[in-house]
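Biologist: Could we go through this model together?

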Amino acid sequence: MPYAILRFQKRKAGVVAACERHNERKKEAYKSNPDIDMEHSKNNYHLVPPSRYTYKKEINRMIAEAGCKVRRDSVMMVETLITASPEFMNSLPPEEQKAYFTMALDFISERVGRQNILSAMVHMDEKTPHMHLSFCPITPDGKLSAKALLGNQKSLSEWQKRGKP
């Protein structure tokens, strides 16, 4: 039975650059992940292109614009992995895979605010196609709070049950 996969990881300032290097394939080799086939990286694509700045600079711009208070241990970015069971994803033709990821982008955008999304990059160079969607967790009332946007473990389970992707 096919199933959707939706995983959130809260990221503090210190690891944002490493996430960007991975998501945007800015490294020449990936020894830590032998599943990446750099020959197929040309097939990766953005549904939301990153800004012309680095993730870190864009996050800082967004936070300043919203007037958020920032602590040293604040979650600056949430990285979301979106995919489905390998047998399902790999059975879809490319246009249906893209439709799946577009629907997932819309689903996340409705919940976290489209204006908060830094990048949505689809990786086609690993065994199972997947999307890395990164967003800055700024609430509608201008607070930097991943907890307020995502909730707890129970509410995250509800996200997965409610979503169509």
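Predicted model: local features only at pLDDT ≥ 70, side-chain atom pairs only at ≥ 80, totals over all residues.

Modeller: Residues are numbered from 1 along each chain as its sequence is written, and side-chain values use heavy atoms, without hydrogens and water.

Biologist: What pLDDT does the chain average?

Modeller: The average pLDDT (the predictor's confidence in each residue, from 0 to 100) is 87, and 89% of the residues score at least 70.

Biologist: Where is confidence lowest?

Modeller: Confidence is lowest in α6, at a mean of 70, and highest in strand β5 (residues 130-135), at 96. Helices (H or I, at least four residues) and strands (E, at least two) are DSSP runs, numbered from the N terminus.

Biologist: Next topic: which residues of α2 are buried?

Modeller: Tyr-55, Glu-58, Ile-59, Met-62 and Ile-63 are buried in α2, meaning under 20% relative accessible area with a 1.4 Å probe and protein chains only. They cover an arc of only 135° around the axis (taken from the directions from the helix axis to the C-beta atoms), so they lie on the same side of α2.

Biologist: And what does the face turned away carry?

Modeller: That face of α2 carries Lys-57, Ala-64 and Glu-65, which are exposed, that is, over 50% relative accessible area.

Biologist: Which residues line the largest pocket, nearest its centre?

Modeller: Leu-6, Arg-7, Phe-8, Gln-153 and Leu-156 lie nearest the centre, among 11 lining residues. A pocket is an open set of points on a 1 Å grid where a 1.4 Å probe fits, with protein on both sides within 12 Å along at least five of seven lines; lining residues have an atom within 4 Å of a point.

Biologist: Which element gives the most to that lining?

Modeller: β1 does, with five residues.
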